[in-house]
Amino acid sequence: MFASSATIAASFGRTNHCTATAGPEALNLSRMPETSILAELRNATFSYGDRDILRDVSLTVPRGKVTALMGASGGGKTTVLRLIGGQQRAQGGEVLFDGQDVGRLDAAGLYAVRRRMGMLFQFGALFTDLSVFENVAFPLREHTDLSEALVRDVVLMKLHAVGLRGARDLMPSEISGGMARRVALARAIALDPELVMYDEPFAGLDPISLGTAAQLIRQLNDAMGLTSIVVSHDLEETFRLADHVIILGAGVVAAQGTPDEVRASTDPLVHQFVNALPTGPVPFHYPGPDEAQDFGPAGGRAR
Ligand SMILES: Nc1ncnc2c1ncn2[C@@H]1O[C@H](COP(=O)(O)OP(=O)(O)OP(=O)(O)O)[C@@H](O)[C@H]1O
Ligand SMILES: [Mg+2]
C-alpha cells in the first residue's frame, strides 16, 4: 500500500542526517553522548494558574529514534509537545532542542527552531476550505519562496510518501478520517523537519489503518533520518513501534527506557498504565468539589 523506505528516501532526495546511530548498549541514556539527544526537558515545571501540570519533568528524546510519550489523559503530554515546540514556556527548568533552550529564544529564534519541527496536531485540523494539495502546500507557501513548480513537486512527493498523490484534488470533506490523518502527516513533513511530533496519530483509526499509520511513522522516521515523538494511548501498537518509551504521571516521568525496560517497571503508576488497570494511582476524576457538596449527603438522592 505504501512505498518502501528506499522509495520514500529516494522521493525525498535527501540523505540521512542522523549523526549518531546508537547501538543497543547505548540505550543506557546516562552513557549516551550529548549529540545523540535531539530534545530534552531538564527539571521542567509548568502550571496553568495554580494548577501544576508538570511538577519536575526530565526526559530525553534520542536523535533518529521513535520516542513514545504516554500517560493518563490530562497528564500533560500535549503540554510537553507544546513546550518543545515553543508554543508554551516552562516556568522552571530547561527545554532544549538541539542544545538550544527553547524557552529563552526570541521570536526570530523560535521561528527558526519551529521550521525544523513538524507537528501533527491532536485533532487533525486540516483547513476544510483548502484541497488536499493546498493543505500540504500551506507551510511551503508560508515559510519558503519556492516557485509554484517547486511547490508542486514537493507537495506531490510528500503526498506520494503517504500514498495519497492521487487524492490531491479532493477536499477534506471528501476523504476518510484515516486519509485526513495521512494528509496532515504529509503537511507536517512538508518542510523536511528534523523532529516530527505526532499527537495521538492513531485515535479513531480501525486496526488496519492503525497498523498502516504506525508503519508509515516508522518508515518515514528511518528513511528520512527523522526523530519522532508519538503521543498515543494505544499500548500494544506504540510499544511495538517505539524505540524509547516515556510514561508521564502525576507531573513527573514515572518511567523511561526501552519498551521492555518500561514494561518491567515496578512503579505502581506504570504498572497500572501498562496493564491497563482501572484502579491504581491514576485517578478517574478531574479534581473538583467533593461529592457531598455536589450531590448532597450520601443516600440523600439517587445516583
Ligand atoms: N489552555 C489551558 N488552560 C488551562 N488548563 C489547560 C489548558 N490546556 C490544558 N490544560 C490542562 O492541562 C492538563 C494537561 O493537558 P494536556 O493537554 O497536556 O494533557 P494530555 O496528557 O495531552 O491529555 P490527553 O491524553 O487527554 O490529550 C489538563 O488537565 C488540562 O485540563
Ligand atoms: Mg493531549
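# Strands, core and ligand shell

Colleague: Which residue in β4 is the bridge partner of Ala39?

Modeller: Phe97 in β4 is the bridge partner of Ala39. This is a predicted model, with local features needing pLDDT of at least 70 and side-chain atom pairs pLDDT 80 or more, while totals for chains, interfaces and linings use all residues. Residues are numbered from 1 along each chain as its sequence is written, and chains are lettered from A and ligands numbered from 1 in the order in which they are written.

Colleague: How many bridges link β1 and β4?

Modeller: Five, in the antiparallel sense, with β4 covering residues 92-97. Strands are DSSP runs of E, at least two residues, and helices are runs of H or I, at least four, both numbered from the N terminus; two strands pair if DSSP finds at least two bridges between them.

Colleague: And what about β1 with β2?

Modeller: Strand β1 (residues 37-48) and strand β2 (residues 51-62) are antiparallel too, over eight bridges. Glu40 has Thr60 in β2 as its bridge partner. The two strands form a hairpin with two residues between them, and Gly49 in that turn has a positive phi of about 60°.

Colleague: Changing topic. Which residues touch the most other members of the largest nonpolar core?

Modeller: Ile84, Val136, Ala186, Met197, Ile217, Val230 and Ile247, out of 70 residues. The core is a set of buried Ala, Val, Leu, Ile, Met, Phe, Trp, Tyr and Cys residues joined through C-beta atoms within 7 Å. Buried means 20 or more other C-beta atoms within 10 Å of the residue's own, placed from the backbone; 12 or fewer is exposed, and in between is partly exposed.

Colleague: Which helix gives the largest share of this core?

Modeller: Helix α7 (residues 207-224), with seven residues. Among the buried residues of α7 are Ala213, Leu216, Ile217 and Leu220.

Colleague: What span should α7 have?

Modeller: At 1.5 Å a residue, its 18 residues should span 26 Å, and the end C-alpha atoms are 25 Å apart, which agrees. The expected span is 1.5 Å times one less than the number of residues.

Colleague: Which residues are closest to ligand 1?

Modeller: Ser73, Gly74, Lys77, Thr78 and Thr79, out of 10 that surround ligand 1, counting a residue if its C-beta atom, placed from the backbone, lies within 6 Å.

Colleague: Which helix contributes the largest share of that shell?

Modeller: Helix α2 (residues 77-84), with three residues.
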